Amino acid sequence: ADKNADMAANVLTSVLLKSSPERGIDSHEVEHRLEVFGSNALKEKSLDSFLKLCWDAVQDFVLIMLIVLGIISIVVEVVTHAQDDE
């Protein structure tokens with residue numbers, strides 16, 4: 001039963017696509033499909049630069065807060081460490 005279903009699917013696909021499993025499609029059909037559907041290729045997208053990605057990341061509120069708190073932490077550590085040495 002599965003073999004018959006596969007054969008029926010192959011025949012139906014060949015009829016619907018106007019192709020042959022042995023020969024494929026003829027050159028006239030290829031030209032027609034290119035005119036109707038266009039080329040089957042992806043367009044290349046332009047990528048953002050690394051600096052633009054970094055700038056976009058720095059605009060995030062949470063990242064700004066982490067940077068500010070990190071700077072405050074470093075300043076506090078330097079000041080308290082300098083006082084401990086005296």
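Which residue forms a salt bridge with Arg33? Glu29 is the partner, and the closest N and O atoms of the two residues are 3.0 Å apart.

## About the model

This is a predicted model, in which local features need pLDDT of at least 70, side-chain atom pairs count only at pLDDT 80 or more, and totals for chains, interfaces and linings use all residues. Residues are numbered from 1 along each chain as its sequence is written, and side-chain values use heavy atoms, with hydrogens and water left out.

## Salt bridges

Searching the whole structure turns up two salt bridges (a side-chain nitrogen of Lys or Arg within 4 Å of a carboxyl oxygen of Asp or Glu). Let's begin with the pair from the opening question. Arg33 and Glu29 both sit in helix α2 (residues 27–37), four residues apart, about one turn of the helix. Helices (H or I, at least four residues) are DSSP runs, numbered from the N terminus. Glu29 is buried at 17% relative accessibility, while Arg33 is partly exposed at 24%. Here buried means under 20% relative accessible area, exposed over 50%, and partly exposed in between (1.4 Å probe, protein chains only).

Lys52 and Asp56 also meet through their side chains, at 3.3 Å from N to O. This pair belongs to helix α3 (residues 50–58), where four residues, about one helical turn, separate Lys52 from Asp56. Lys52 is partly exposed at 41%, and Asp56 is partly exposed at 39%.

## Ser14 in helix α1

Ser14 is part of helix α1 (residues 2–17) and is buried, with 16% relative accessibility. Leaving aside residues up to four places away in sequence, Ser14 touches Ser19 and Pro21 (contact means heavy atoms within 4.5 Å).

Terms used
Helix = DSSP H or I, 4+ residues; strand = E, 2+ residues; numbered from the N terminus.
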